[in-house]
Amino acid sequence: MTAMITLNNGLKMPLVGLGCWKIPNDVCASQVYEAIKLGYRLFDGAADYGNEKEVGQGINKALSEGIVKRSDLFIISKLWNTFHHPDHVKLALQRTLSDLGLDYLDLYYIHFPLAFKYVPFEEKYPPCFYTGAEDAKIGKISLQNVPYLDTYRAMEKLVDEGLTKSIGVSNLQGSILQDVLMGCRIRPAALQIEHHPYLTQEHLVQFCKNENIAVVSYSSFGPQSFLELGSKRAEDTPALFDHPVIKKIAAAHGKDVTTSEVLLRWATQRDIAIIPKSSRKERLLLNLNVNEKLTLTEAELLEISALNKNIRFNDTWDWNNMHFGSFA
Ligand SMILES: NC(=O)c1ccc[n+]([C@@H]2O[C@H](COP(=O)([O-])OP(=O)(O)OC[C@H]3O[C@@H](n4cnc5c(N)ncnc54)[C@H](OP(=O)(O)O)[C@@H]3O)[C@@H](O)[C@H]2O)c1
């Protein structure tokens with residue numbers, strides 16, 4: 001049984017879950033099903049990942065075989081940028097629920113603080129960076145005039161209607177989060193951010209702790225996840241798996257401790273939940289059981305945090321350079 005954290009709405013959330021980004025469609029249903037059999041209870045998905053039908057198939061197979069009950073699972077999705085207008089927020093969640101084959105989510109995040117122009121489902125789904133045929137021809141993303149708090153308030157109504165138990169925010173910095181807290185009726189239960197030793201986000205993490213908002217780390221291995229996307233920044237950054245400090249700390253805890261475990265445990269000992277993605281059974285088990293296997297010392301935690309370089313691999317300013325053209 002994986003450790004749980006209690007969210008500010010009283011709901012318990014597993015400290016370790018499985019990230020579903022980049023799980024290929026053809027193997028996704030079986031990987032989710034196998035992960036449930038291994039003991040995973042939290043699945044971090046998103047409409048944008050394009051595999052919600054398959055995630056749902058895996059979940060529903062496990063439910064129908066009685067391996068778990070729905071109440072044992074913690075299912076997450078994210079509202080994509082195209083659906084930020086209050087008229088579209090519920091539609092987007094209904095589409096996600098229909099794809100997953102579920103009645104409710106446990107947590108629904110706003111994926112990014114950027115409102116793209118609306119694209120109807122029939123035109124392209126998931127729309128990703130597509131904001132219309134004309135924009136696509138010139139590689140442009142059009143934005144929509146929707147303030148963040150308007151989207152957030154539409155998310156609150158989803159909780160009222162029982163379509164999701166909690167709502168959260170992702171990829172936010174402190175000032176917008178502060179604004180949400182000033183204007184919300186239901187506080188965000190969680191903030192999901194890029195977080196690894198090259199991007200420790202100390203102030204934001206501390207702010208969330210003070211405000212009783214759970215922090216969830218994505219891309220906990222730093223550049224690793226972005227290599228397969230051909231990111232030059234990831235290629236130019238030394239791998240955390242081979243970093244001498246991480247290797248030294250892993251070695252200090254015994255021969256069978258890996259650098260991946262050190263990276264994950266550093267996060268969870270900072271009270272930050274983790275959602276590493278893996279398609280390999282041995283890694284799934286390693287990642288799931290990291291809290292029981294390893295405890296780092298206070299000095300080791302600080303030594304790892306000192307590796308911070310404020311390097312962000314998932315940076316929306318890059319989207320500007322690529323698509324909006326404003327900084328060309
Ligand atoms: N909110 C957002 O904007 C946002 C953005 C990015 C990600 N996320 C979420 O966060 C999740 C995790 O982030 P991520 O997918 O970027 O990356 P990640 O989990 O940090 O890294 C995944 C990579 O690490 C490898 N890996 C996994 N476990 C390993 C281990 N024990 N030892 C060595 N290598 C290992 C995987 O390869 P194999 O599959 O071959 O094992 C894969 O290449 C995503 O799946 C998604 O749910 C959210």
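In this predicted model, a side-chain N or O atom of serine 279 lies 2.9 Å from an oxygen atom of the ligand. That pair is a polar contact, a term for two N or O atoms within 3.5 Å; within protein, one atom must be able to donate a hydrogen and the other to accept it, and residues adjacent in sequence count only if both atoms are side-chain atoms.

| Residue | Residue atom | Distance to a ligand oxygen |
|---|---|---|
| Serine 279 | side-chain N or O | 2.9 Å |
| Arginine 283 | polar side-chain atom | 2.8 Å |
| Tryptophan 21 | polar backbone atom | 3.1 Å |

The ligand taken alone exposes 900 Å², and the protein buries 93% of that area (Shrake-Rupley method, 1.4 Å probe; for residues, only the protein chains shown count as cover). Around the ligand are 29 residues, of which Asp44, Ser219, Ser225, Lys277 and Ser278 come nearest (a residue is near a molecule or strand if one of its heavy atoms lies within 4 Å of it).

The model is predicted, so local features need pLDDT of at least 70 and side-chain atom pairs count only at pLDDT 80 or more, whereas totals for chains, interfaces and linings use all residues. Residues are numbered from 1 along each chain as its sequence is written, and side-chain values use heavy atoms, with hydrogens and water left out.

Serine 219 is found in the loop between strand 9 (214-218) and helix 8 (224-227) (helices are DSSP runs of H or I with at least four residues, strands are E runs of at least two, and both are numbered from the N terminus). Its phi is near 55°, a positive value in a residue other than glycine. Serine 219 is buried, at 15% relative accessible area (buried means under 20%, exposed over 50%, partly exposed in between; 1.4 Å probe, protein chains only). Aspartate 271, also not a glycine, has a positive phi of about 65°. Aspartate 271 occupies the loop between helix 11 (259-269) and strand 10 (272-274) and, at 53% relative accessibility, counts as exposed.

Histidine 111 sits in the loop between strand 6 (107-110) and helix 4 (133-137) and is buried, with a relative accessible area of 6%. Beyond neighbours within four places in sequence, the contacts of histidine 111 include Asp48, Lys78, Trp80 and Asn171 (contact means heavy atoms within 4.5 Å). Proline 126 belongs to the loop between strand 6 and helix 4, and the peptide bond from tyrosine 125 to proline 126 is cis, with omega near -10°.

Glutamate 261, in helix 11, is buried at 1% relative accessibility. The side chains of glutamate 261 and lysine 293 are joined by a polar contact of 2.8 Å.

The largest nonpolar core contains 85 residues, and Phe43, Leu177, Leu191 and Val262 have the most contacts inside it. Helix 5 (residues 148-160) supplies the largest share of this core, six residues. A second, separate core of 15 residues includes Leu42, Tyr109, Tyr218 and Ala273. A nonpolar core is a set of buried Ala, Val, Leu, Ile, Met, Phe, Trp, Tyr and Cys residues joined through side-chain atoms within 4.5 Å.
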